[in-house]
Amino acid sequence: MTPETAGVGDARVRVLYVGTDSDDTETLSTALERENNRFTVETARTVDEAMARLAAEPVDCLVSDYRLSNGNGIELLETVRDEYPALPFIIYTAQGSEAVASEAISAGVTDYLRKEPGAKQYAGLANRISDAVDHSRSQQAVSERNRALQSYERMVNSMQEAACIYDAEDRFEIVNETIAEWYDTTRNELEGQTSRLVPRIRAEGETDCYQELLDGTREKLSGEIETEFPGHGHAVVAYQLTPLVVDGVIDGIVGVARDVTDRKEREQKLLRNKRAIDEAPVGVVITDPGQTDNPLIYANDHYRDLTGYSLPELLGKNCRMLQGENTDPESVATMRDAIDAEERVTVELRNYRKNGTEFWNRVRIAPVRDDDGAVVNYVGFQQDITERKRREQRLEETSSRLEALFENSPDMIDVLDADGTIRDVNQRFCAELGYDESEVLGRSIWEFDLTFDAEDVQTQLSGFSVNERRKFEGLYERRDGSTMPVEVHLLRLSLDGEDRFLAISRDLTERKEREQELEQQNEQLEQFASVVSHDLRNPLTVARGRLELLREESDSEHIDAIDGAHQRMDTLIDDLLTLARDGTSPASPVVVDLEPFVQTCWQNVDTKAATLRTDIDRPIRADESRLRQLFENLVRNAVEHGGDGVTVTVGELADGFYVADDGPGIPVADRGDVFDAGYSTAVEGTGFGLSIVKQVADAHSWAVRVGSGSDGGARFEFTDVDTVSE
């Protein structure tokens, strides 16, 4: 039997006997081990030797003679009690007296025994040792048990869970602090009261499961229940009940309950979110960057319908499985760079379904971070934009045809506003009269047509109905002073509530010389002018009509953008390649908030992958239409010369604003010519954009200066601007 398994009276007992007589100590050791086979007796001759043995290996009882070679038993007792206060200590001596016994008791001796002649004395000493050790061990066991109970009670009362012991009548027998707080009372008050939960639990099942715990036919009972507590409020509680077995008999039920209200609410929220994502009208995927190749771990129904793949075919794969021959590698690189940088990104890709068919995919990817900011997932939103791409291509083709028709028409074309100011002209008009475009735009038509004066023109224009066409003859004066008889076809248009007049003119010199011979040709000319006017309007009218039908069928976020493009095409018809005004005050200055205004202008230009930055929060007073021409031409100029990745910055000056880019910039030697009509270093540039900018600035009486930006690109500064105080 080992000490771990022995009872109080069964474990081995190590005894240290301290005496000076070696024969006596040997006899006593042998006798004690013979009297009690549990004993192992060791001996020491001095106080120092005894203390050394105690330090080296603990003993269960120390027996000491009174007289020692370097002291006495009382002194040894006092020394031992300083370090081992609970060690049983017996003084066993032949020289004792009542005074010695009294001193020993005062010093805390466990027992005091006088030596007697004969062998019976050893039996008495053995009994005294055994009793002292058993008593000490019992005391120690009780102390350890009390400490364990106190620790267990502290542990139970510090639990966040509600814990208790129920009796067979559903009453609280013992409760912890948490459950007392739930009931808004003390532990003493709650113990003995009937539980709120147990009667409900007993009533819910087909059988009395609680009684089955008491009967021992059930090992555990668990579940969730929703209820109200006086001190805790409404809660969903997860409970577990188990039998309390004491000495083989069930003596109650141990109950532990935990408030899982927050967890249940989170579970419900997650369930709702999952349902919403599953039924979202766009493809949604989630990837795991912690796994090799960042594979898909989730794909909703719409994504599976979009791609034609089943869920098992998608999970564990990377989204690049949708890429193919015509997928743009630059867009893919942009997407990968953003993922590597743990940033949001939006790209448009030509992808491939499982059956091999192509589709345009607008991909938006965003990192999902944990509470520490680490990326744990990526969520991707995938939208089929194939139809939008097709519409954009058709609109681009239509816009190109209109622009080509305007610029390459054999007739002179000019666009007037309601007071007869020239807002746009084609190259034929400038070539026939011998002027640069910048010398024409912004001037009044009667400065070129000698047939009419200001009053005649304004009377003529004011009498027009919208979409009404008129034909008349005029006499244009060239730059060199020579004149040219012309036939003019005039059409009134209403664009965004503003009157515009489209004039198509043809030189009648030869016809006047051969009027009889050209009568039929003139008739054809009139018909041609009518057809040209109609062709300029018809494709756009059809496109806008189709857009309205689309608006009725769809609520796509791209419809407004297309409508905005149509409005810009309307402006092109009235004001295509408009150069700036003649420097007169704007026709209708209004307060313009530059930051949102610049954002709108940015959207009107094909900026590709360019970036816009705005650092301006100051309204100004300007003509919106002309200001739009200024910003759009500067943005277009930056993209044409700086490439797709150029960054354009619009910032604030003390008395105006600036527009800068980080492109190649403008050489110092060329800065004096950049505002001249026809100046351009871009292969596809028209050379009129910066001339428009200059004339718009002049029309507002602004000063404009071109220089270098902080990043080495071009910087256009506009000062003397009419700012509006907040």
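**View 1. A buried salt bridge joins Asp170 and Arg202****.** Asp170 and Arg202 are both buried in this predicted model. Their side chains meet in a salt bridge, at 2.5 Å from N to O. Asp170 lies in the loop between strand 8 (162-166) and strand 9 (172-175). Arg202 lies in helix 8 (residues 197-204), so the pair ties together parts that are 32 residues apart in sequence. A search of the whole structure finds 42 salt bridges. Side chains of opposite charge can pair when their charged atoms come close.

**View 2. Glu439 and Arg479 form a salt bridge****.** The closest N and O atoms are 2.7 Å apart. The pair links distant parts of the chain, 40 residues apart. Glu439 is in helix 16 (residues 437-440). Arg479 is in the loop between strand 20 (469-477) and strand 21 (483-495).

**View 3. Arg511 pairs with Glu473 in a salt bridge****.** Here the closest N and O atoms are 2.6 Å apart. Arg511 sits in helix 18 (residues 509-513), and Glu473 sits in strand 20. The two residues are 38 residues apart, and the pair links distant parts of the chain. Arg511 is buried, with a relative accessible area of 8%. Glu473 is partly exposed, at 37%.

View 4. Which helix gives the most to it? Helix 3 (residues 73-83) does, with 4 residues. Glu83 has its place in helix 3. At 53% relative accessibility, Glu83 counts as exposed, because the cut-off for exposed is over 50%.

**View 5. Tyr166 and Phe172 form a tilted aromatic pair****.** The structure holds 14 aromatic pairs. In the pair of Tyr166 and Phe172, the rings are 5.4 Å apart, centre to centre. The angle between their planes is 35°. Both Tyr166 and Phe172 are buried. They also belong to one aromatic cluster, with Trp182, Tyr183, Tyr210 and Phe229. A pair of aromatic rings is described by the distance of the centres and the angle of the planes.

**View 6. Phe631 and Phe657 pair across helix 22 and strand 27****.** This aromatic pair is tilted, with 35° between the planes. The centres are 5.5 Å apart. Phe631 lies in helix 22 (residues 624-642) and Phe657 in strand 27 (residues 656-661), so the pair ties together parts that are 26 residues apart in sequence.

**View 7. Ala123 and Glu35 are apart in sequence but 6.1 Å apart in space****.** That distance runs from C-alpha to C-alpha. In sequence, Ala123 and Glu35 are 88 residues apart. Ala123 has its place in helix 5 (residues 120-158). Ala123 is partly exposed, with a relative accessible area of 26%.

Notes:
Residues numbered from 1 in each chain as written. Predicted model: local features only at pLDDT ≥ 70, side-chain atom pairs only at ≥ 80, totals over all residues. Heavy atoms only, no water. Buried < 20%, exposed > 50% of the residue type's maximum accessible area, 1.4 Å probe, protein only. Phe/Tyr/Trp six-rings, centres within 6.5 Å; stacked < 30°, edge-to-face > 60°. Salt bridge = Lys/Arg side-chain N within 4 Å of Asp/Glu carboxyl O.
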